[in-house]
Amino acid sequence: MVDLRDLKRRVIHGAQRRIVNPVGRQLPLTMLETVGRKSGQPRHTAVGGRVIGKSFWMVSEHGDRSHYVLNIKADPAVRVRINGTWRNGTAHLLPDDDPVARLKELPTLNSAVVRTVGSDLLTVRIDLD
């Protein structure tokens, strides 16, 4: 039997990898840069979130299955492009945080997309330098 959550994740991941991220690199979208856990090369992912205080908050749509989350587990030093400016930070995965409640504090359109396409939500806090 096909696991629908896994199928949904694979379809969404493919669309993000082939369409959203390449387009996002060319537009002034918020981008997350991690270091590839296998390649050691910079990896850029279009993300949505908001700076609250001295931290950037976001919710991963696919939790521990997101490649950028796996990269963060290997090396939490990241950069975030916010309004065209790259900022260094340290990422923290927060499995005990309520991601649905967190999405209410983040940009409305992105939060709606994350709730719709997400298969395993996980809150991520990036403490900015």
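Here is a short tour of some strands, a turn and a few side chains. Before you start, note that this is a predicted model, in which local features need pLDDT of at least 70 and side-chain atom pairs count only at pLDDT 80 or more, while totals for chains, interfaces and linings use all residues. Residues are numbered from 1 along each chain as its sequence is written, and side-chain values use heavy atoms, with hydrogens and water left out.

Select residues 77-82 and 85-94. These are strands E5 and E6, antiparallel partners joined by six bridges. (Strands are DSSP runs of E, at least two residues, numbered from the N terminus; two of them pair if DSSP finds at least two bridges between them.) Across from arginine 79 you'll find asparagine 88 in E6.

Now show the side chain of arginine 79: it lies over the face of tryptophan 86, at 4.4 Å from the ring centre. (For a charge to sit over a ring, NZ of Lys or CZ of Arg must be within 6 Å of the ring centre and within 35 degrees of the ring normal.) Jump to arginine 102 for another one, over the face of tryptophan 57 at 3.8 Å from the ring centre.

Back to the E5–E6 hairpin, which has two residues between its strands. Most residues other than glycine have a negative phi. Asparagine 83 counts as exposed because its relative accessibility is 75% (exposed means over 50% relative accessible area, with a 1.4 Å probe and protein chains only).

Definitions and conventions: Helices (H or I, at least four residues) and strands (E, at least two) are DSSP runs, numbered from the N terminus. Buried means under 20% relative accessible area, exposed over 50%, partly exposed in between (1.4 Å probe, protein chains only).
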